[in-house]
Amino acid sequence: MGLLKITGLSKKYGAVTVLDGFNLDVTECTLRCLLGPNGAGKTTAMDMITGRQRADTGSILFDGHEIRGLREDKIARRGIGRKFQIPSVIRDLTVQENLFLAAADEVNPLRNMFRFGIGRARGRIDYVAELVGLKTRLAAAAGFLSHGETQWLEIGIVLMQDPKLLLMDEPAAGMTEHEAEKTVEIFNMLKKTHTLLVVEHDMAFVRGVADAVTVMHLGSVLAEGTMAEIEKNDEVRHVYLGTGDVADAA
Amino acid sequence: MTSSNLYHNSKAQWAVYAVFFIIVLAVPAVIDDSYTLNLLATFGVFAMLALSVSLVWGAGGVLTLGQGVPFGLAAYCMAMTMQMQAQTPDSPMPPFMANNSLTQLPLMWEPFKSTTTGLLIALFFPTVLWTLFGGLMFAARVHGGFVAVMTLAMLSAIGLLVLDIQPYTDGANGITPPNALLIAGHSIDPYSPTAYIIVAVALVVLAALSKALLAGKFGLVTHAIRTDSERTRFLGYNVFLYQTLLFGIAGFIASIAGCLFVMLEQYVSPAQLDVSFSVGMVIWTGVGGRASLLWAMLGALLINAGQTVVGDTLLNTWLLFLGIFFILVVRFLPKGLAGVAEWLVGFFLRRRGPAQHQAVAPAHEGG
């Protein structure tokens with residue numbers, strides 16, 4: 001069953017079309033990668049799913065309900081978590097505070113006035129910190145983390161929300177080979193219980209995690225399938241992978 | 001922020017606050033000069049205003065230049081209440097109205113015949129108005145400097161309105177209730193220790209509640225909104241609600257300050273709605289340190305004390321000095337005097353004992 005079903009999503013900025021009848025169907029408990037050259041509309045698609053931008057036309061069904069046009073926090077509350085392309089953690093808070101902040105089981109400001117201390121979020125914070133390998137860094141300010149650790153912290157922040165669908169925008173960007181391998185492990189574990197949609201340029205990473213791949217080009221779907229199928233697709237090679245002719249790629 | 005600096009330890013912070021509270025409450029035991037006591041109580045009101053600015057600006061991250069709106073409106077409502085306490089069936093109308101050719105008490109003055117109603121209006125009408133205004137801004141995701149401009153515009157508009165409806169407010173003369181505030185048959189002499197204690201208790205309670213507000217999850221979310229409101233939205237928090245609530249709470253504190261100001265001064269005029277007064281609150285807060293509630297209050301106390309000591313000799317030159325001082329603070333001490341305190345505590349207490357990091361994550365807000 002498709003947890004997320006996008007049909008005919010379009011968006012224009014003046015004369016520029018960024019999304020053009022984009023379709024996507026993400027099956028529950030799978031990891032789908034979204035590929036495509038710069039400007040293909042990957043991040044825009046994520047913006048629309050999470051309510052950051054509004055689509056002109058089309059439909060976004062999440063868990064059977066239309067979420068297009070809902071406010072960001074309402075979409076997040078329905079179970080969609082997002083990791084941004086540029087890691088966005090609160091740098092002057094500690095790792096623990098960042099994770100506690102993301103434990104948004106209670107969002108009512110009046111009730112949160114009377115919540116002191118970590119309380120019942122303790123167990124989940126420890127679990128998530130362990131999972132993303134930051135157990136020993138809980139007391140460190142997020143601004144002092146290495147780039148890879150910052151990426152993990154943001155993955156941890158998304159996990160704290162325990163969303164049904166995790167959107168990950170370039171989670172392995174800037175990671176060392178070793179760090180990326182560890183992230184592959186984390187993702188392969190996550191997809192047993194969660195549904196993931198990942199934008200990533202690192203092909204080794206995609207091969208390591210993807211159950212299915214969607215290639216975008218000029219705001220719509222160019223090809224869909226497993227990574228093996230996609231890599232054989234001539235059209236995809238032509239516009240994106242560019243493994244053929246160098247002159248062609250230029 | 002993680003550090004071994006004691007300044008960031010939440011228990012140490014509460015201890016310092018407790019010392020401040022005790023000093024504030026103990027003043028009447030040491031000072032029995034009624035003039036000084038009244039002056040210090042007025043400073044307490046100003047500290048309350050700095051506290052409210054610190055909540056919105058320091059904790060919430062939006063600069064308000066219109067904190068005088070809830071303050072001034074509450075002050076007017078309070079003055080109207082006290083004025084009506086002096087009216088009798090023989091003279092049902094404040095004298096200035098007759099001079100402005102009114103023949104009967106205007107409708108907007110009617111509710112102030114009752115002290116209880118008058119006080120409730122004074123506390124809640126400005127708060128509700130300010131919360132709605134904040135809500136409109138934050139619903140439209142107005143942020144940063146634009147909030148400053150809009151609050152400033154609102155302040156100017158209300159200041160002009162009050163000046164303009166002279167028959168109802170006595171315009172530039174303001175309202176001078178003839179008698180001290182009467183509550184349940186007790187007259188509260190503005191120069192008495194009672195008046196001081198009322199202000200001191202209000203200040204201590206509001207400061208402690210504000211500190212507690214920022215120490216909990218609400219404070220953590222507020223911190224996140226200040227740093228990255230977009231990220232906070234994607235975590236599922238309704239940023240608008242948090243911002244509006246904080247803005248409203250600060251408005252409520254300013255309203256209480258407005259009421260107490262008139263209780264102490266028996267006077268209100270458009271000066272309380274003047275732009276320079278609201279900018280003054282921002283200067284007190286900025287010099288003290290906007291990120292620290294305590295230092296914002298101390299900033300208000302220090303600057304007003306300075307103004308009292310040298311202001312009379314320097315007259316308008318004082319404002320020039322204050323302006324230069326503010327520019328220097330903004331340029332060289334962006335955290336205000338709080339930053340100096342933070343540095344000093346870190347410098348002198350760092351080498352005591354091993355540099356052991358606290359096992360518990362320290363408080364996320366400044367002292």
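Predicted model: local features only at pLDDT ≥ 70, side-chain atom pairs only at ≥ 80, totals over all residues.
The largest nonpolar core holds 160 residues. Seven of its members touch the most other members: A:L99, A:L153, A:F187, A:V213, B:M48, B:L49 and B:M263. Look at the letters in those names, and you will find both chain A and chain B.

Now move to B:T285. This residue sits in helix α11 of chain B, which covers residues 275-288. Is B:T285 buried or exposed? Its relative accessibility is 0%, so B:T285 counts as buried. Which residues surround it, beyond those within four places in sequence? B:T285 is in contact with B:A50, B:V53, B:S54, B:W57, B:R290 and B:A296.

Next, see where the chains meet. The size of an interface is often given as the accessible area lost when the parts come together. Here, chain B and chain A bury about 3100 Å² between them. Of that area, 63% is on carbon and sulfur atoms. Three residues of chain B stand out: B:K217, B:R231 and B:F234. Together they supply 25% of the area that chain B buries against chain A, more than any other three residues. The contact takes 31 residues from chain B and 38 residues from chain A.

Polar pairing also links the two chains. Between chain B and chain A there are 14 residue pairs in polar contact, counting those with both residues at pLDDT 80 or more. Which elements of chain B give two or more residues to the side that touches chain A? They are α8 (193-215), α9 (217-234) and α10 (239-265). The largest share comes from α9(B), with twelve residues. Sorted by class, this side of chain B has 18 nonpolar, seven polar and six charged residues.

Charge is the next topic. Side chains of opposite charge can pair when their charged atoms come close. The whole structure has 21 salt bridges over all chains. Three salt bridges lie between chain B and chain A. In one salt bridge, B:E230 pairs with A:R52, and their closest N and O atoms are 3.0 Å apart. A:R52 also meets A:D47 in a salt bridge, at 3.5 Å from N to O. The two ends of that second pair can be described in turn. A:R52 is partly exposed, because its relative accessible area is 35%. A:D47 has a relative accessible area of 6%, so this residue is buried.

Another salt bridge joins A:D162 to A:R124, with the closest N and O atoms 3.8 Å apart. This pair links distant parts of the chain, 38 residues apart. A:D162 is in the loop between α6 (147-160) and β7 (165-169) of chain A, while A:R124 is in helix α5 (residues 122-131). A:D162 counts as partly exposed, because its relative accessibility is 45%. A:R124 is partly exposed too, with a relative accessible area of 28%.

The side chains of B:E110 and B:K113 meet in a salt bridge at 3.0 Å, N to O. B:E110 is partly exposed, at 31% relative accessible area. B:K113 is exposed, at 52%.

How values were computed
Residues numbered from 1 in each chain as written. Chains lettered and ligands numbered in written order. Heavy atoms only, no water. Core = buried A, V, L, I, M, F, W, Y, C linked by side-chain atoms within 4.5 Å. Buried < 20%, exposed > 50% of the residue type's maximum accessible area, 1.4 Å probe, protein only. Helix = DSSP H or I, 4+ residues; strand = E, 2+ residues; numbered from the N terminus. Contact = heavy atoms within 4.5 Å. Buried area = accessible area lost by both parts, 1.4 Å probe. Salt bridge = Lys/Arg side-chain N within 4 Å of Asp/Glu carboxyl O. Polar contact = N/O pair within 3.5 Å; in protein donor to acceptor, adjacent residues only side chain to side chain. Nonpolar A, V, L, I, M, F, W, Y, C, P; charged D, E, K, R; others polar.
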